[in-house]
Each structure stands twice: as structure tokens, then as C-alpha cells.
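Let's learn to read a protein model, one feature at a time. Keep the sequence and the structure in view as we go.

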Amino acid sequence: MESLGTLFDRFGSDKNTWHSYGTFYDDLFPDRQANSILEIGVHSGASLRAWAAGFPSAQVYGIDVNPNAMLVGEERITTFCASVLDAGSLEVIGHERGPFELIVDDGSHRVVEMLHAWYSLEPFLSEGGVYVIEDISGELDLRLLLRAIPESRCVDLRSRKNQWDDLLLVVGR
Ligand SMILES: C[S@@+](CC[C@H](N)C(=O)[O-])C[C@H]1O[C@@H](n2cnc3c(N)ncnc32)[C@H](O)[C@@H]1O
């Protein structure tokens, strides 16, 4: 079984080059058992392709505000054009495609948008599922998020590659 870090690298995501998230996700899902993964932030589609390759039973969903980021005709990958600030659209996506075992927020990295996404999508996190907010920009943002989401914890990977935004907020597991 290929590591998720290897897959992120192969498909061109920065989750394991700039960031140090490969082993973090490997440890979260050692058996790669997930049927449904949702990521906010499609961009070129790199991480969605890595999820699909690494989780052979999973349907992979992506949300992006940019219509040019939509992926078409890729097996087990479905993308939606919506902003996380549009609670109505997120609710429709959650009802139609949820619940999700893994939700990853790799969108704008602005706290207000992270919280909008959390409040809209948390009801669609499956029992035992994990919600991960990536690339938190320092201590102030971290404190705001920890206060707003008391059940969350911080995973600080900044020392691994000396990257200032290698900070994750995690709910679940
Ligand atoms: C860092 S990129 C995602 C990279 C991708 N997850 C990967 O690892 O390959 C961030 C994406 O978030 C999207 N984005 C920014 N603000 C957003 C919003 N309010 N709602 C949804 N997507 C947003 C951007 O259009 C951009 O494509």
C-alpha cells in the first residue's frame, strides 16, 4: 500500500512537499477504510486524485468556489462549485452525499471561512469520522478556532520542515 505522502507527491498536491501531512493522514487511516471523503479546495484536483488512489472504496467529493477548478469524468471523484460561505449549498451537498468519514478544509485558510464550513458541514461528519482544518496561520487563528470548536485539538507539525503554517485543527479520532 502506497503511503498517502507518496500519493500527494505523485498527483502534485503540496500536502507532503511544502507541508508534512502525509504521515498524519496515514496514521489516521491505517486500514484505508473510508467510503466517503469531502475536501474543501479542489484547485488542480491533486489531493482529490490522491484520496481516490489511496482509498480504493471511497467516493471523493470536492468543493471549490472557482468554476475552473471543477473535475469532469474522473472515477469516484465529484466536484461541486460553491463557496463555503453559502450555507444552503453546503447543506444540499451534505444531505445528498453525506455522511463523510473524512472532511478536510483546505480552502481559503481564513478563520471566518473555516468556521462557516465547520458549522455547515459538521452535521454531515459520520459517527467516528474526522474533520481536519489545514494550514492554520499562527497562534491567533489557532486560539480563535480552539475557542470556537472546543472539541477540537491542535496538531502542530511546524518543526518537521520548519513551515510556519503546518498547523492542523482536528475533530474526532
Ligand atoms: C490550497 S487550494 C486547494 C489545494 C488542494 N486541496 C490540493 O491539495 O491539491 C485552495 C482552493 O480553495 C478554493 N477556495 C477559496 N475560497 C473558497 C471558498 N470560500 N469556498 C470554496 N473554495 C474556496 C480556491 O479556489 C482554491 O482552489
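Q: What kind of model is this, and how are its residues numbered?
A: It is a predicted model. Residues are counted from 1 along each chain, as the sequence is written.

Q: How many helices and strands are in the protein, and how do its elements run?
A: Start with the inventory. The protein has seven helices and seven strands. From the N terminus on, the order is α-α-β-α-β-β-α-β-α-β-α-β-α-β.

Q: What share of the residues is buried?
A: Count neighbours. A residue is buried if 20 or more other C-beta atoms lie within 10 Å of its own. Here, buried residues make up 39% of the 173.

Q: Which residues have the most contacts inside the largest nonpolar core?
A: That core has 41 residues. Those with the most contacts inside it are Ile37, Trp51, Ala52, Ala58, Val60, Phe100 and Ile103. Look at Ile37. Leaving aside neighbours within four places in sequence, its contacts include Trp51, Val60 and Phe100.

Q: Which strands are joined to S4, and do they run parallel or antiparallel to it?
A: Look for bridges. Four of them join S1 to S4, and these two strands run parallel. Ile37 stands opposite Leu102 in S4. Five bridges join S4 to strand S5 (residues 125–133), again in a parallel arrangement. Ile103 has Tyr131 of S5 as its bridge partner. Now check how covered S4 (residues 100–105) is: six of its six residues are buried.

Q: Where do side chains point in a regular strand?
A: They alternate between the two faces of the sheet.

Q: Is helix H3 enclosed or open?
A: Count its buried residues. Seven of the nine are buried, so H3 is largely enclosed by the rest of the structure. Among them are Leu48, Trp51 and Ala52. The buried residues of H3 pack against helix H1 (4–11), S1, S2 and strand S3 (77–81).

Q: Which residues are closest to the ligand?
A: List the shell, then pick out the closest. The ligand is surrounded by 22 residues, and the closest are Gly41, His43, Ala46, Ser47 and Ser108. Strand S1 (36–40), helix H3 (46–54) and strand S2 (59–64) each give two or more residues to this shell. By type, the shell divides into eight nonpolar, nine polar and five charged residues.

Q: Is Pro56 buried or exposed?
A: First find its place: the loop between H3 and S2. Then count. Pro56 has 9 other C-beta atoms within 10 Å, so it is exposed. Its C-alpha atom is separated by 8.7 Å from that of Asn35, 21 residues apart along the chain.

Q: Which residues does the cis peptide bond join?
A: Check omega. It is about 0° for the bond that joins Gly98 and Pro99. Pro99 lies in the loop between helix H4 (87–97) and S4.

Q: What is phi for Arg32 and for His109?
A: Arg32 is not a glycine, yet its phi is positive, about 55°. It is found in the loop between helix H2 (22–28) and S1. His109 also has a positive phi, near 70°. His109 lies in the loop between S4 and helix H5 (111–121). With 16 C-beta neighbours inside 10 Å, His109 counts as partly exposed.

Methods. This is a predicted model: local features need pLDDT of at least 70, side-chain atom pairs count only at pLDDT 80 or more; totals for chains, interfaces and linings use all residues. A nonpolar core is a set of buried Ala, Val, Leu, Ile, Met, Phe, Trp, Tyr and Cys residues joined through C-beta atoms within 7 Å. A residue is buried if 20 or more other C-beta atoms lie within 10 Å of its own, exposed if 12 or fewer, and partly exposed in between; C-beta atoms are placed from the backbone. Two residues are in contact if their C-beta atoms, placed from the backbone, lie within 7 Å. A residue is near a molecule or strand if its C-beta atom, placed from the backbone, lies within 6 Å of it. Helices (H or I, at least four residues) and strands (E, at least two) are DSSP runs, numbered from the N terminus. Ala, Val, Leu, Ile, Met, Phe, Trp, Tyr, Cys and Pro count as nonpolar, Asp, Glu, Lys and Arg as charged, and the others, Gly among them, as polar. Two strands pair if DSSP finds at least two bridges between them.
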